[in-house]
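Colleague: Before I use this model, I would like each label tied to its criterion. Please take the terms one at a time.

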2 protein chains.
Amino acid sequence: MSNKKKSDKGITSRAEDYSQWYNELVVKADLAENSGVRGSMVIKPYGYAIWEKMKEQLDKMFKETGHQNAYFPLFIPKSYFSKEASHVEGFAKECAVVTHYRLKTAEDGTIVVDETAKLEEELIVRPTSETIIWSTYKKWIQSYRDLPLLINQWANVVRWEMRTRLFLRTAEFLWQEGHTAHATSAEAIAETTQMINIYAEFAEKYMAMPVIKGSKTEKERFAGALETFTIEALMQDGKALQSGTSHFLGQNFAKAFDVTFTDKTGKQEYVWASSWGVSTRLMGALIMAHSDDKGLVLPPKLAPIQVVIVPIYKSEEDLEKIRELVNGITDQLKEKGISFKFDDRDTHRPGHKFAEYELKGVPVRLALGMRDIANGNIELARRDTFEKKIFPQEGIADYIDNLLKEMQEAIFNKALKFREEKTHKVDTYEEFKKVLNEETGFILAHWDGTSETEEKIKNETKATIRCIPFDAPEEEGRCMVTGKPSNKRVLFAKSY
Amino acid sequence: MSNKKKSDKGITSRAEDYSQWYNELVVKADLAENSGVRGSMVIKPYGYAIWEKMKEQLDKMFKETGHQNAYFPLFIPKSYFSKEASHVEGFAKECAVVTHYRLKTAEDGTIVVDETAKLEEELIVRPTSETIIWSTYKKWIQSYRDLPLLINQWANVVRWEMRTRLFLRTAEFLWQEGHTAHATSAEAIAETTQMINIYAEFAEKYMAMPVIKGSKTEKERFAGALETFTIEALMQDGKALQSGTSHFLGQNFAKAFDVTFTDKTGKQEYVWASSWGVSTRLMGALIMAHSDDKGLVLPPKLAPIQVVIVPIYKSEEDLEKIRELVNGITDQLKEKGISFKFDDRDTHRPGHKFAEYELKGVPVRLALGMRDIANGNIELARRDTFEKKIFPQEGIADYIDNLLKEMQEAIFNKALKFREEKTHKVDTYEEFKKVLNEETGFILAHWDGTSETEEKIKNETKATIRCIPFDAPEEEGRCMVTGKPSNKRVLFAKSY
C-alpha cells in the first residue's frame, strides 16, 4: 500500500498517479490479480464475465463473416518455429521452453525434474500460432477448392515479458488468433482489411471506445508480416493503446512451410495469408478508456450486470414487500434481455453496496425503500454521470432499456470528445516535444517515411508512430525532423 | 492405410477392427487429426463446432447452478505442485516442464535454448489446477461470508501420455475444471453430488448416451480426493468409457495451502473442497457410442448442422428455382432455431454430397429436384435409421422439428438397449472371465471391497471396477474371487 491520497473508495486518484489508479482499480473491482507465477495473472470471475461478453460478441462477428473456430496445439517444436526467419527473430527472446516431460522424487524426498526424461527436440509454448497452423495447412490445402480457409482459434499464449502489468502485458494472456489462407494477394489483403474493420466496429460499438485505423510502419510490423493494420485508442492519461492488429503475411508462411495449391488453370502457386488477433489487453483498454476515481465505468453492452437493485429496509417484513415489487420489475427486465442483480444480502449496509457497485461499474442502480413503495416511486442512479432521479415504478423497465442505449452512446461520445481535445496537429519538432511534455495525447505530424527518423524520434521523445491512418488526407508537408517532403500526416503518441 | 476391408466410405467396419474404425472415422469426418507435436491433436472446425455445442450447454448448466467462470495460470511452480503429497505422486510422471524462457541464435546460425535464461524454479504446465487455484483461494477466503466459492475454468491441460489416441487420450486436451470451496463437509459432498448429476443429465439428454453414476474405489480415485464420483458409459465394442468425474477433496488442499475461514462462531476452520471436470474425451465417447460403418451419428442437440439440403439439378435455371423454394423452407427452419446448410456447390455431385453428410452425421437430409418441385414434394432421409420418405413441402419444417426430437430420443434408446443387452449379472469368477472373453460389456458382480482382490482381477482379466453404482440395490452375496461377504454388486468392465 502506498501513502498517496486515496479517493473515498480507497483508490489513488487518476490525477495523483494514473498508473497506480489502474493497478488498484483492477484489483479492487475484482477484475484480476497477480498470481504466484511470475507475470501470470488470475482473471477473477467479474473480470472474466466481461471478457466472456467480449468473446461472445467477437465470435459472433467472426462467424457472421464466414470464419470457423478450431484448435491447434499449445506446444510448437523448435524446428517449426525456426522456419520463418523474421518470425523467430521477433519472438525468440520471450519464449517459454519445455525441455522435460517428467518429475521424480529425489533421494532426499524432494520433487525434481527427471533428467532422463529430456525431450529430443524442445517445445516452445506458443507465443502465437502461425508456424504450427501453417504446418497443418500444408495438409489441408491442395487445390483452389480448399480456399479460402477462414479459421479462428481462442487460446492462451505465452510471451515471457520482463515487466508485466495486469491485462496490459502479462506472460500468459488469452486471445483469439485468426489465420486465413487465400488464392490471391488481393483476397488476403481484403480479409486483412475486413478484420481490422470488425475490430474497429467492436471497439466503437461495444467497448464504446473510439479508435483510429491505420497501417503500422515497417519497424512496428508483426514479425513475418508484409503489412500490419492496427486500431489505436487513446487512454485518459494521453497514452495510446494498440487494441487489435490484422496482418497481411504475403506468402511468407506458405513458403516457409511449402504450402501450395493448384489454381484453376492447373498451375501450382503459393498460398496468401492473413492473421489477426485481439487479447485480454482489451480489458485494460476498456478500463482505462472510461473509468473514473470512483471505479469502473462499463459500457452497458459489456456490463455483466446492467442493473443492480438495492433494497432499503429495516425488517424482514419490509424486505418481503420490496422483494415482491422487485420481482415485477425484474420480470420486465428479463423480457427485455437486461441483466440484473437484486442484492438482498443482509451482511452489508446499502451505502456499502452503493459503493461496491460504483466500483464495479454497474451502469444503473435502483434503490427501493418503504417510502418508495408507498409513493409508487423508485430511485435510479446512473454510473457514468452519477445523476440520480426519482421515477414512477410504472414503466421503469422501458425507461432503463432506453437509458442503457443512451449511456452506451454517451460513454462513447465522452471518450471521443476527450480524444478530439487531445489530438494535436503539429508542424515542428519543438512543438511536438512540447505537446509530449505538457499535454500528451495523439499527435498528427509529417514524417519523412524513414526508419532512421522514426528511431530518432522514439529515442529522443519515447513517442512512436502508432499508425499511418487510413483516412489521413493527402497533404503536402515536410518532415518535422528532417524537413524532407511528406504527403500525409502520421499518428504519434507515447504508448502502452 | 491398412489393407483391411473398408465400408463404402472407405472406413474400416466396426466388426473388422473397432479401434481402426474409430481412428479413421475421426479423421475422415473432419473432427480431428494428429499434429506434428507428439501426442497433441488438431481439433478441426467440424469437430470443434461439436465441442462448442457441448461447452455452451455445460456452461449454461454450471451458471444455472450458481457457478462463475474464471481463469488461472497455465504454469504451476514446482513447489506448489509438490504441496499435496498424493496429488504430486499421481501426476509427477506425466508433467511437461518449462525450464527456460528464451531462445537464441547459436554461432552456427541455428536456434537454440539460451542456457543463461534458466528458470530458478521450474514451471509445470498444468495437468489440473487444484494447486494453483488453492494457492489463490487462500487470498480469497477469510470468512464464512466468502463461502461457498463456486468457480469453473475452461482451459487446456497437459498430461504427458505415452500412448495417445485422438480425443480419448492426448498429451494436451481441452476441458473444464470446477473448483469449489465450502464451509462444511456436507456442503462439499452435496456439490460433488450435484455436479455428477449435471454431468449425467448432460450425457443422457444432450449426448443421448446413457451413463451409470457411482463412486470410484479407493484405488481408482483422483490423486488427492477422499471420494471420486464418476459417470461410466458403454461403448459399442463393449468397453467402458469414464466420461466425467466429480471429486470430494475433503480438507486436503485447504490443509496443503493453509486455507482457513472464520465460521459464524468465530472459530478458524479449514475449508472443504470439491473439483469436477469433463474434457474433449467426451468427443470420443460421443463418436463411439452412436456412430456406424457409414460414419458419425450425431444426436440432433449436438449436431452443428441439423439439416442439410441438397439440390438435384441440371441447369443454373433449375438451381435458381430450387433455391427459391429452399429459401422458403430455411426461413421456417430458422424460425424454429433449427440449423441447416444448403449445399449448392457445383464442384460435387449429389451422390458425393449424400455420402459426405452421412459421414459427418448430419441428422436430416433433404433432397430436392425438379420433379419434386412439380409435385410439391421433398425427399427426407434420416441419418440414424437411413429411412427415406417423400413428404409434401407444406409443413416440412414442423415435421423436421418433431423428427429431430424423436431422433434424439431414438438414439438414446438404442444406446440404452445396447447397454442393457451388454450388462451381465455374474456370480462366479469363471463366468466373469467367460463374459469378458466372449461378450464383453458391463458386469455386475460381488466384490469383497479390498484393493488386493481388485488388483488381482485387473491383473488377471484387465477388467477394472468402473464404479460402485449409486443405485446398486442392497443384496447379500459373496465376492466372486474370495468368497467373502458383500452387500452390493459393483460394476466391472474393460475400459478406455
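Colleague: Which residue of β16(A) does A:Ser246 stand opposite?

Modeller: A:Ser246 faces A:Trp276 across the pairing. This is a predicted model, in which local features need pLDDT of at least 70, side-chain atom pairs count only at pLDDT 80 or more, and totals for chains, interfaces and linings use all residues. Residues are numbered from 1 along each chain as its sequence is written, while chains are lettered from A and ligands numbered from 1 in the order in which they are written.

Colleague: What makes β13 and β16 of chain A paired strands?

Modeller: Strands are DSSP runs of E with at least two residues, helices are runs of H or I with at least four, and both are numbered from the N terminus. Two strands pair if DSSP finds at least two bridges between them. Strand β13 (residues 240-250) of chain A is joined to β16(A) by five bridges, in the antiparallel sense. Strand β10 (residues 172-182) of chain A is also antiparallel to β16(A), with eight bridges, and there A:His182 stands opposite A:Trp272.

Colleague: Why is β16 of chain A called largely enclosed?

Modeller: A residue is buried if 20 or more other C-beta atoms lie within 10 Å of its own, exposed if 12 or fewer, and partly exposed in between, with C-beta atoms placed from the backbone. Eight of the eight residues of β16 (residues 272-279) of chain A are buried, so the strand is largely enclosed by the rest of the structure. In a regular strand the side chains alternate between the two faces of the sheet. Both faces of β16(A) are covered, with A:Trp272 and A:Trp276 among the buried residues on one side and A:Ala273 and A:Gly277 among those on the other. Over chain A, buried residues make up 47% of the 496 residues.

Colleague: Why is chain A called as compact as a globular protein of its length?

Modeller: Chain A has 14 helices and 27 strands. The radius of gyration is taken over C-alpha atoms, and the globule rule is 2.2 Å times the number of residues to the power 0.38. For 496 residues the rule gives 23 Å and chain A has 26 Å, which is close, so chain A is as compact as a globular protein of that length. Its C-alpha trace spans about 80 × 70 × 55 Å along the principal axes.

Colleague: How do you know that the two copies are related as by a two-fold axis?

Modeller: Copies are superposed by least squares on the C-alpha atoms of residues with pLDDT of at least 70 in both. A rotation of 180° with 0.0 Å of shift along its axis places chain B on chain A, with RMSD 0.0 Å. The copies are thus related as by a two-fold rotation axis. B:Val98 is the residue of chain B closest to that axis, at 2.1 Å (C-alpha).

Colleague: What makes you say that the copies meet through the same surface?

Modeller: Residues are in contact if their C-beta atoms, placed from the backbone, lie within 7 Å. The contact takes 51 residues from chain B and 50 residues from chain A. Strand β5 (residues 97-100) of chain B gives the most to its side, with four residues. Of the interface residues of chain B, 98% are also interface residues in chain A, so the copies meet through the same surface. Strand β5 (residues 97-100) of chain A runs antiparallel to β5(B), joined by three bridges, and A:Val97 stands opposite B:His100.

Notes. Two residues are in contact if their C-beta atoms, placed from the backbone, lie within 7 Å.
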